Amino acid sequence: MKKFISILLLMIFSFSFAQKGQLRKVATVGFLNVENLWDTIASADYIDGTKDITNPAFHRSVPLDSLKYLDTTENYRGGWSDALLKGKKVIRPQILADDFTANSSKNWNSKNYNIKLANQAKVISEMGAQYTKSAPVIVGLIEVENRQVIQDLIKQPALAKYDYGIIHYNSYDARGIDVAIIYQKRRFTPTHSLKKEVKIYRDGKRSYTRDILVVTGFLDNEKIALFMNHWPSRSGGEARSLPARNAAAVVLKKQMDSVRLNDSSTKLFAMGDFNDDPVSSSLKNYLKAAQTVKDLSPEAPYLNLMYPLFKKGVASLAYQDAPNLFDQIIVSGNLLSDKVGEGYSIYKTEIFAPPYLINREGNWKGYPLRSWNGDTFTGGYSDHFPAFVVLQREIK
């Protein structure tokens, strides 16, 4: 435990600083795992494959008491994928549908839900604010139940003034959790978004996990691409589950390469909970993320900004009582510069761990102050610390 606490003291790594007196424009891009942000209404996925397959309305979360009003083929027993469900209308039950309700063992109610929303909004509003005096321009979210909880989140007093937009697609994850991105509309303009399924199989059977969310657009008129990830967990053991994360890495690399080859000027950000450390084979050998600037090459064109922190012992969570840095940000080489220029470059990279996010007592002292202890809501925040980068560019 003492080692883990001491690690927290090392949680700042920075790239170059702007020259004294130089005017800069800055922006924070980051993400956080909101640890099961679920509303209090039991729901199921409604998939309407008769609609445009790329339309978010194709797959949405619907309250269970509304299902009787839908035209569905509820007895569908086939596989779950966009291609297989095209032309069909089906209901997909969620494993956790009844867990987050007032009648469940969690006793999940509106009071606790509102506490949870306020906590997440506070964290988001403060990420990078010590450098930018503002909330992040772009924020990735991990473990959201549906679009409604994101709408409730951005309406919180700490965030409402920033006028965040939402990019979200429901995934086929067995638990019913998704990734999403929120963005300040006045500074980021999305031009295209899509979700890419990560198809993994265990013992010959499809195992359903989160999609990779791909978004392209303009950040203060600079073209960027975002890739939001929540890779398969280590359930069953690190070695046994590694092929699933290798598969996710292959999907991510293909998407990043596609965007870069289409327009090499686009600046790329891949971020999220990879459930692996920067030195794991999924990131090194399959995504081929370089660990240092000198390792960048045509075969390894992306830099893992978290590797220097990892070498210093920085952690974003503790898995099985050991510190890990699963929460990472990986960028394209055109975001790296030794000086402030006309285009955005990396200014700082951090794991965000202010005192209020750290458990100060008990067996988990020094760990992230998580929201849940079994079925008991603690009033805490998350079992992961958030991560962010601050970007800077010259103001003429």
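Helix H5 (residues 147–154) packs, through its buried residues, against strand S2 (24–37), helix H3 (110–126), strand S6 (138–144), helix H6 (157–160), strand S7 (164–168) and strand S8 (178–184). Contact here means heavy atoms within 4.5 Å, and helices (H or I, at least four residues) and strands (E, at least two) are DSSP runs numbered from the N terminus. The model is predicted: local features need pLDDT of at least 70, side-chain atom pairs count only at pLDDT 80 or more, and totals for chains, interfaces and linings use all residues. Residues are numbered from 1 along each chain as its sequence is written, and side-chain values use heavy atoms, with hydrogens and water left out.

The buried residues of H5 are Val-149, Ile-150, Asp-152, Leu-153 and Ile-154; buried means under 20% relative accessible area, exposed over 50% and partly exposed in between (1.4 Å probe, protein chains only).

Turning to charged pairs, the model holds 23 salt bridges, each a side-chain nitrogen of Lys or Arg within 4 Å of a carboxyl oxygen of Asp or Glu. One of them joins Asp-173 and Arg-210 at 2.9 Å, N to O. Asp-173 lies in the loop between S7 and S8 and Arg-210 in the loop between strand S11 (205–207) and strand S12 (212–219), so this pair ties together parts 37 residues apart in sequence. Both Asp-173 and Arg-210 are buried.

Another salt bridge brings together Glu-222 and Arg-393 (2.9 Å, N to O). Glu-222 and Arg-393 are both buried.
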